[in-house]
Amino acid sequence: MNRLFELIQFQEKPYHWGHAVRSTEQFKGYYHWHQGCELLLVHEGVGKVIVNQQTYDIRQGMLFFFQPFQLHKVFVEASTETPYVRTVFHFDPMQLEQGLVPFPRLQQLFMKLKQGKIAKQAFDLQGELDGLLYLCETFDRTQAGQRSNDGEEASLLLAQYIAAVNRRMVDSHQDAILARTPRYSEVIMQWVEEHYAEAFELERLSEELHLSKAYISRVFQRETGSNITDYIAARRMKEACRLLQTTDLPVRIIGERIGLANPSYFINTFKKVVGSTPYKYKHSMTQN
């Protein structure tokens, strides 16, 4: 499993920008999070996004919003015939959201998105795509020559993204999308959310969801691109990271709190998934 936490340094600029990034090889992706916000605009592609215990289809015109420190995964089925093309906008919300102050309605919507007060984190902006691509191309030309770090142009781009989301949310069809029947993988992830701090038994999950163990494993792999074990490990390690950052609990107690009562196993798993020991992780976070 790859590392979960991707540290994005906002130093010279309050954002990181990747315009029209193109992939022609299939990649499974991995569960991870960032310390800033992320906007992902799909130009072309087929695949899945997993975030907030929900699974969304990747297709042209989709915009995904990932909150700071939110566990998510993107996996695509790319090839030379069906490439995955996207624009990725990582940014420091504390710096860019100031540019939304003159637009109170957009500022309010952005704060709801950032703080998780809106269940939806994927928006079908197919009807807005041409305009958004033009804005991205313009910003790409502008930011390439920028030397200032004030992020004024980036704040303006963010406002235009949020305005497009706002227009889409008032569309009555958006409510219909929210009312769809949950996928099996989403039901499984919700079960994990309620039980990840306990010892995991596939048989128990099978009994409670009234699905066979083989079917659970197969449908979760098909709908998320990963196995349940990897997802549970990611969810547990994210909680461990939160506890390491926000409490002074001993490592042994943190392991118990996430369902890994054996300290050695917890430390080894943490190192494998996050990339450092719990002690080093805590120290690095306190130094930032």
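**View 1. Helix H6 and what its buried side packs on.** The buried residues of H6 pack against strands S3 (47-51) and S4 (54-58), plus helices H7 (202-209), H8 (213-224) and H9 (228-246). Those residues are Ser185, Glu186, Ile188, Met189, Trp191, Val192 and His195; buried is under 20% relative accessible area with a 1.4 Å probe, protein chains only. Contact here means heavy atoms within 4.5 Å. Helices (H or I, at least four residues) and strands (E, at least two) are DSSP runs, numbered from the N terminus. This is a predicted model: local features need pLDDT of at least 70, side-chain atom pairs count only at pLDDT 80 or more, and totals for chains, interfaces and linings use all residues. Residues are numbered from 1 along each chain as its sequence is written, and side-chain values use heavy atoms, with hydrogens and water left out.

**View 2. The length of H6.** The 12 residues of H6 (184-195), at 1.5 Å a residue, should span 16 Å, and the end C-alpha atoms sit 17 Å apart, which agrees. The expected span is 1.5 Å times one less than the number of residues.

**View 3. The open sheet.** Five strands line up as S1-S7-S2-S5-S8, with antiparallel pairing; strands pair if DSSP finds at least two bridges between them. S1 (15-23) and S8 (122-124) are the edge strands, each pairing on one side only.

**View 4. Strands S2 and S5.** Four bridges join S2 (37-44) to the antiparallel S5 (62-66). Glu38 stands opposite Phe66 in S5.

Terms used:
Buried means under 20% relative accessible area, exposed over 50%, partly exposed in between (1.4 Å probe, protein chains only).
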